[in-house]
Amino acid sequence: MVSIKEVARHADVAISTVSKVLNGYPNVSEETKKKVQDAIRELNYIPNSIASALSSKQFGRVAMILDPKRQTQAIDQIFMQYLLGALDKAREMNLEAITVFTSMLAGMSAEEITRYFLSQSVTGVIIYGLSKEDKVLRRLIDERKFACVVIDAPMTNDRTTCVGVDHEQAQYDVAKKTILVDNCRQVLYIAGKKDGYVTEQRLNGIRRLEKEMNLSVLVRLGEFSELAARNITLKYAKNKDVVVCASDLMAIGAMNALIDMDIFRPVCGFDGITLMGYVGKQMNTVKQDFYGISSTAVEEVRRLMDGASGRQVIMPHSVVKLYYKDIIR
């Protein structure tokens with residue numbers, strides 16, 4: 001097995017310099033860092049902490065990569081349920097879970113992230129909220145050096161599992177239930193982010209319903225923002241029969257805009273966050289078990305660590321209305 005001393009000799013640097021690169025110290029020049037990383041790659045060096053874990057089969061450390069949304073406190077519930085689900089399951093399975101925010105990885109290459117995780121004895125990774133534009137994390141997945149689980153992104157390989165609800169079917173279900181009640185024909189659909197996997201999947205659901213029911217659907221991007229959805233509703237909803245939103249937060253923005261306009265239009269959301277029950281007007285929504293999704297992700301990363309192949313895991317969803325009396329404690 002290659003030693004850190006051999007890496008230092010190959011890169012023509014001191015052993016302490018190799019250690020600094022492995023541990024992400026900032027006071028190393030880019031030129032030196034590249035020499036060390038090239039030597040690590042060429043010699044296929046594995047830090048002792050990882051080598052020990054591999055030889056003893058004690059794959060025990062999982063990194064949870066999350067991107068907490070700072071625009072609003074309204075969706076903290078999803079973030080916290082993800083955390084609790086993963087941490088509780090990790091404790092049950094004798095795994096150590098560490099939290100890594102995307103801001104901590106900003107500007108790092110896939111190789112640098114790999115070296116950082118190896119230096120932290122990480123052997124499994126769970127990625128929440130992966131976008132199509134996140135090429136670095138996608139490369140990390142493609143390189144298959146870690147057991148990976150992605151939440152709500154349709155990516156699988158022999159080392160990667162994806163976990164989430166069927167977003168296309170769920171969007172279809174909640175929209176159809178809302179539209180049928182009032183026999184709506186003109187639909188305003190407020191989608192999420194342009195580069196989002198779930199945005200694409202949910203849009204496929206509304207397009208399928210559009211074709212099946214011969215609807216007229218106007219699509220606008222709301223960026224999962226309450227304010228953006230409010231403004232879109234103020235501009236377009238007067239001439240529409242129903243407002244279908246790709247998130248509860250946007251549904252809340254849409255409903256409040258309708259109230260200010262003093263008109264009624266049925267509105268539905270997606271996610272099942274508790275805040276929906278406090279809006280005053282009852283709206284259909286897709287309820288997801290974020291705790292269960294995250295818990296299942298930990299089970300899957302453990303399974304991958306034990307040598308199983310990646311797969312797609314579809315979690316259940318339901319169409320519900322959240323009533324105030326059902327959510328108060």
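Here is a short walk through the structure, stop by stop.

**Before you click**

You're looking at a predicted model, where local features need pLDDT of at least 70, side-chain atom pairs count only at pLDDT 80 or more, and totals for chains, interfaces and linings use all residues. Residues are numbered from 1 along each chain as its sequence is written, and side-chain values use heavy atoms, with hydrogens and water left out.

**The whole protein**

Start zoomed out. The protein has 14 helices and 12 strands; helices (H or I, at least four residues) and strands (E, at least two) are DSSP runs, numbered from the N terminus. Along the principal axes, the C-alpha atoms fill a box of roughly 75 × 40 × 40 Å. Of the 329 residues, 49% are buried. Buried means under 20% relative accessible area, exposed over 50%, and partly exposed in between (1.4 Å probe, protein chains only).

What about contacts, meaning heavy atoms within 4.5 Å? Take those with a separation of 6 or more: 70% of them are between residues 24 or more positions apart.

**Stop 1: helices 1 and 2**

Select residues 4-11 for helix 1 and residues 15-22 for helix 2. Two packed helices are described by the angle between their axes and the distance between the axes. Here the axes come within 8 Å and cross at roughly 100 degrees. The axes are lines fitted to C-alpha atoms, for helices over the stretch in contact, and angles run from 0 to 180 degrees between N-to-C directions. Helix 1 and helix 2 are therefore roughly perpendicular, a label for angles of 65 to 115 degrees (under 35 is roughly parallel, over 145 roughly antiparallel, the rest oblique).

Now show side chains: I4, K5, V7 and A8 in helix 1 meet I15, V18, S19 and L22 in helix 2. By class, that contact has six nonpolar, one polar and one charged residues. Ala, Val, Leu, Ile, Met, Phe, Trp, Tyr, Cys and Pro count as nonpolar, Asp, Glu, Lys and Arg as charged, and the others, Gly among them, as polar.

**Stop 2: Q37**

Move on to helix 3 (residues 30-43) and pick Q37. Q37 counts as buried because its relative accessible area is 9%. Not counting residues up to four places away in sequence, Q37 touches V21, E111 and E112.

**Stop 3: two loop residues**

Go to the loop between helix 7 (110-119) and strand 3 (124-128) and select S121. Though not a glycine, S121 has a positive phi of about 65 degrees. With a relative accessible area of 26%, S121 is partly exposed.

Next, jump to D271, in the loop between strand 9 (267-268) and strand 10 (284-287). D271 isn't a glycine either, and has a positive phi of about 140 degrees. Is D271 buried or exposed? It's buried, at 10%.

**Stop 4: Q171**

Select helix 9 (residues 167-182) and find Q171. Its relative accessible area is 0%, so Q171 is buried. Leaving aside neighbours within four places in sequence, Q171 is in contact with Y189, R202, I206, V244, C245, A246 and F270. The side chains of Q171 and Y189 are also joined by a polar contact of 2.9 Å. (A polar contact is a pair of N or O atoms within 3.5 Å; within protein, one must be able to donate a hydrogen and the other to accept it, and residues adjacent in sequence count only if both atoms are side-chain atoms.)

**Stop 5: Y197**

Finish in helix 10 (residues 197-213) with Y197, which is buried at 9% relative accessibility. Outside its four-place sequence neighbourhood, its contacts include L130, R138, D152 and M155.

Definitions and conventions. Contact = heavy atoms within 4.5 Å.
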